Amino acid sequence: MRIIFIQPPPWKLAQPGQPPYTGPLGQPQTGADVVTDPFYQVIPFGLLSLAAQSMAKAHHVSVVNLSAFAWDDVVTFLDNSPADIFAITAITSNRRGLSAVADYAKTRWPSSLVVAGGPHVSALPLETLSHIPAIDCVVIGEGERTFEELIHRYEAGRSLYGLAGAAVRHNGAPVLGPKRARIRDLDSLVSPLRYFDTPVILSSRGCPGHCTFCGSKALWGNTVRFNSPGYTLDMIETAVRRHGRRVLAIKDDTFTVNKARAMAVCQGILERKLNLLWSCDARVDNVDEELLIALRKSGCASLSFGVESASPTILQNIGKRINTERILHVTRLAQKYGFHVHYYMMMGNQGETLETFRQSVEFVQTAKPDTAFYCNLCIYPGTPEYERLRTAGLSPEIFFSGDFAELNVYLGNSADKAQVYDLYHEHCGASHVAAPTLEQRVEVAHALPNLHAAHLDLATSCMQAHDAHAARVHAKQALEMGHPLPHLCYNVLAAAMAALHKYNAARGYLLRAKRYTDHPIIEKNLHRLNAQHNDLDPVIPVDVGFGNTQPIMPGSLSIVRYDQYGKPQTVTLGPKPSPVMGHLETITPTISGWAVNTDDPTPLVVEIDIDGSTWSIVADLQRPDVKAVVGGSGRCGFVFMPPASSLRNCPQKVGLFIPDHPGASITGTPRKALLAGIIGYLDELTENSLSGWAIQRPETNAPMTIRALLDGVPAGQTVTDVPRNDVNQLHGTNGNPGFILPLTNTITETHHLTVLAGPDRTVIFEGDVERRPSGSILIH
C-alpha cells in the first residue's frame, strides 16, 4: 500500500515575485504572515506518528512537508506522485491548503483515497466532508488505531462506513462512525524517532487545564495520558545518539503535570549521560523548587508558561485557575536557577477592558520574564469558547467562507476596543522583556556550580559587562564540563580574547566554532576580527535547529518525472528564497541595518517606520561582513538619525521595509521601545583630552559620568555638565549633555580608546587612535 502523508501549504502560494492567488483557495485578506512562522512550518508530531505506524507495517510510505511550497510545485509533486492513500493534516490556518491539495490529488488520481485529519477537521468532520467533496474520510482526534483499521479495510476492498473514530459519506451524506476509545498504552505506539530526525517530541497527550480558548480536550480527551519515563528517555536517546541532536523541544501541553514522571525523566537523562539542552511548556501551578532543580540539572534551559492575563477577572473568565502571586513566585524560582522564562499572553478574552489589558502589560514588565509573546484571541473549532459562540449564533460556515487565516476576535468591552488594540499593537508578537543581570547569573553559577550552561550564561554576561578575563574563565569551565554546544563557548572565548587584543587566539577560537556550525554570527565575528575590531558579538542564540530538511521542514524535494519520450528527469521542488533581504540591527536614536538584493548590485531604497511615520533612505554604505555571509555587492548598509521631533516621546515601534520588494525576508523587525537608552559622540580628541556629548532617553537632566580607557586601563573620568544647544535641538533634549575629559595618560603612540557613559558603562566610542609626528591625533 503506497501512502503519502502531506502537510499542505496554508493556501495556494504564488512563486516569489508573482502576485498572490486570490479566491477561496488563495491568500486570505488577513493572517498572510502565518506562512513565515517556523512553528507553523514544522511538521506535526502526530503526522509523523501515523507515518511511523504505517512504516512499521511495511507499507510504502512518503512524508512530505509542503507548507511553504508554491502551488506550481505542489501540482508538479502531485502529478508525479501516485498513491493509494493521500493523508493530509489540517489546522485552522491551512484549511484552504487542505482543500486545494485534496481537490487536485483526487482529480489527478481519482481512484485514490483522500483522508484528512488534524485538529481542525476533527472538530468539524461533517462540515469538512460537506464542503470538500474530494475528501473521502475524516479521521477524528487520535488517529493511529483508526488509520490502521482504515488501511486494512481499504486493502480488503471493504467499506469505510461504520469505521470507529472517523466520518465518511454513506449514501451521499456525511455520517459519523462510532466513537473510538483513546489509546490507553501510549508506549504501544511505534516511536516516530525510529524513522524521523525531529527536534520536537511529544511524550503525553492531554492537559488538566480547562482553558476556554484551548482545543486540547477535543483532540485528546479529558484524561491526561503519558508515555512512560523509559519510553520518553528512549525517544530522547534516539534523538541524541542516532540523530545527533543537542537541542530538543518537548512540546507536551504540560510536561510537568506529573511530577514523579518528570523527575524520573530528568534523572534518566543524567543516568544515561544524554548531553543536551531542552525546553518544555509548564503550568505555574504544577512546578516547585525540587522539580525546577531537577529540570535544570538535566539540561532543561527554557520554560514557557501560559500566563495569558494578569487580571483576576480575565483569568477566571477563561478558566485559568492561577493567580499573579503564583506566577511571580514561580518566575522568580525559575530565574533563581537560570531558566529562560517565556510568557504566553493574550488579548481580547471575555471581560477585557483597557484596564485589564494594561494590568497584563504592567505585570509582564514587573515580572521580567526573558521573553513574552502577545497574541489576539483566536477562535478554534472544538474549543469551549467556540462552542459558547456557536450557541450564541456563530456558524461553522465561517471557516469555509471567511476570508481570514485564523479567526481573531475581541470579546471584551466594546467601548475600550480601539484603545485596547492600540496598546496591543505596541506589544503584539514576540519580544524581549528583560535580560538576566550579571549578579543573577553569578548566583545561578554558585547555586549550580557543576552545570555547564550556568557557566556559559555567566561568561556571556561577563562579556556584556566588559569583563573579558572573567568571561574567559567561565567559558573555559563550560567547555571543560562538556557543554553540548561547544561552538557557543568558543564564540564567547573569541570575543573575550579579541577584547584583550589577542587577535590570533580569537581567530583560533572562531575557527574551532566553525567546525560545529556556519552560524552567521561566527562569520560576522571573523570578518570583524579581520578588520581589527575587538568588539565581537558573544551571543549566538540557541534554537531547536529545525533546519530546512524534509519532512521536518519544507526544504527542497527531488522527484523523478518522465518527458514525452519516456526519459526520466530529476526535478527539484520547494521554496525559492527571495534574493532580497534585510536586517534591522541597532536602535538607539540612531537606527542602522542593511538591505541587499543578491541578484542586483544597485543599492536598495528602504523605509524606516517609527510609530507610523516613514522616511526613505538608500542603503548604500559598504558592509563587507554582510557581503561575506549573504552575498551581493556589499553596498547595502544604512545609518539613519530620525528627526528630533520623532524621538521626544520615546517611540514604541520601529520597523524596516523594502517597498519595492514586499515579500523580502527582513529580520530584527519590528522592534519595540528600544529608542530609550544612552547615546553619545566623540567630537574632538587631543593627546591629553577629549570632548563630546552623551544623552539618555527617556530624558534625564542629571549629570552623567563619562569614563575613558586607554588600552583597557582607566585614563580619567568626568561628568556631562557642558551646555550643548546643538545636541539639545537635534535630539529634543533639555540639559547640559557636553563633556570635556582630561586624560591622565597622554596619547603618545597607537592606543585603543574606549569611552563609556552612565552607570551601566554604555560604550559611546571605541576604536584605535594614533598620535601623528605632527602632534595631531588620528582616529582609525
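His501 is partly exposed, with a relative accessible area of 31%. This residue sits in the loop between H21 and H22, and its phi angle is near 65°, a positive value in a residue other than glycine. The structure is a predicted model.

**Helices H21 and H22**

- Two packed helices are described by the angle between their axes and the distance between the axes.
- Helix H21 covers residues 486-499 and helix H22 covers residues 503-514; the angle between them is about 165°, and their axes are 8 Å apart.
- Angles over 145 degrees count as roughly antiparallel, and H21 and H22 are therefore roughly antiparallel to each other.
- The crossing in which H21 passes H22 is left-handed.
- On the H21 side, the contact is made by His487, Tyr490, Asn491, Leu493, Ala494, Met497 and Ala498.
- On the H22 side, the contributing residues are Tyr503, Ala505, Ala506, Tyr509, Leu510, Arg512 and Ala513.
- By class, the residues of this contact between H21 and H22 comprise 11 nonpolar, 2 polar and 1 charged.

**Helices H9 and H10**

- Helix H9 (residues 229-242) packs with helix H10 (residues 259-271) at an angle of about 40°, and the two axes lie 9 Å apart.
- That angle makes H9 oblique to H10.
- H9 passes H10 in a right-handed crossing.
- From H9, the residues that meet H10 are Pro229, Thr232, Leu233 and Ile236.
- Their partners in H10 are Arg261, Ala264, Val265, Gly268 and Ile269.
- The contact of H9 with H10 contains 6 nonpolar, 2 polar and 1 charged residues.

**The nonpolar cores**

- The largest nonpolar core has 131 residues.
- The residues with the most contacts inside this core are Phe5, Phe147, Leu150, Ile236, Trp278, Leu295 and Tyr343.
- H21 supplies the largest share of this core, namely 10 residues.
- Ile236, one of the residues with the most contacts inside the core, is also among the H9 residues that meet H10.
- When neighbours within four places in sequence are left aside, Leu295 is in contact with Phe255, Thr256, Cys266, Trp278, Cys300, Leu303 and Phe339.
- Another core, of 33 residues, lies apart from the largest one, and its members include Ile4, Phe69, Ile135 and Val138.

**Partly exposed residues and their spatial neighbours**

- Ile140 is located in the loop between strand E5 (137-139) and helix H7 (144-156).
- With a relative accessible area of 26%, Ile140 is partly exposed.
- Ile140 and Gly117 are 23 residues apart in sequence, and their C-alpha atoms are 6.4 Å apart in space.
- Beyond its neighbours within four places in sequence, Ile140 is in contact with Ser122, Pro125, Gly165, Ala166, Ala167 and Leu176.
- Glu362 belongs to helix H14 (residues 354-367).
- Its relative accessibility is 43%, so Glu362 counts as partly exposed.
- From Glu362 to Ala310 there are 52 residues in sequence but 8.6 Å in space, C-alpha to C-alpha.
- Val630 is part of helix H24 (residues 624-630).
- Val630 has a relative accessible area of 28% and is partly exposed.
- The C-alpha atoms of Val630 and Pro579 are separated by 9.3 Å, although the two residues are 51 residues apart along the chain.
- Apart from its neighbours within four places in sequence, Val630 is in contact with Met581, Trp594, Val596 and Thr598.

**Backbone features in loops**

- Ala58 is found in the loop between helix H2 (45-56) and strand E2 (60-65).
- The phi angle of Ala58 is near 70°, which is a positive value in a residue other than glycine.
- Ala58 is exposed, at a relative accessible area of 69%.
- The peptide bond from Gln550 to Pro551 is cis, with omega near -5°.
- Pro551 lies in the loop between helix H23 (520-530) and strand E17 (557-562).

Methods. Residues numbered from 1 in each chain as written. Predicted model: local features only at pLDDT ≥ 70, side-chain atom pairs only at ≥ 80, totals over all residues. Heavy atoms only, no water. Axes fitted to C-alpha atoms, helices over the stretch in contact; angles between N-to-C directions. Helix = DSSP H or I, 4+ residues; strand = E, 2+ residues; numbered from the N terminus. Parallel < 35°, antiparallel > 145°, perpendicular 65-115°, else oblique. Left-handed = near helix turned anticlockwise from the far one by under 90°. Contact = heavy atoms within 4.5 Å. Nonpolar A, V, L, I, M, F, W, Y, C, P; charged D, E, K, R; others polar. Core = buried A, V, L, I, M, F, W, Y, C linked by side-chain atoms within 4.5 Å. Buried < 20%, exposed > 50% of the residue type's maximum accessible area, 1.4 Å probe, protein only.
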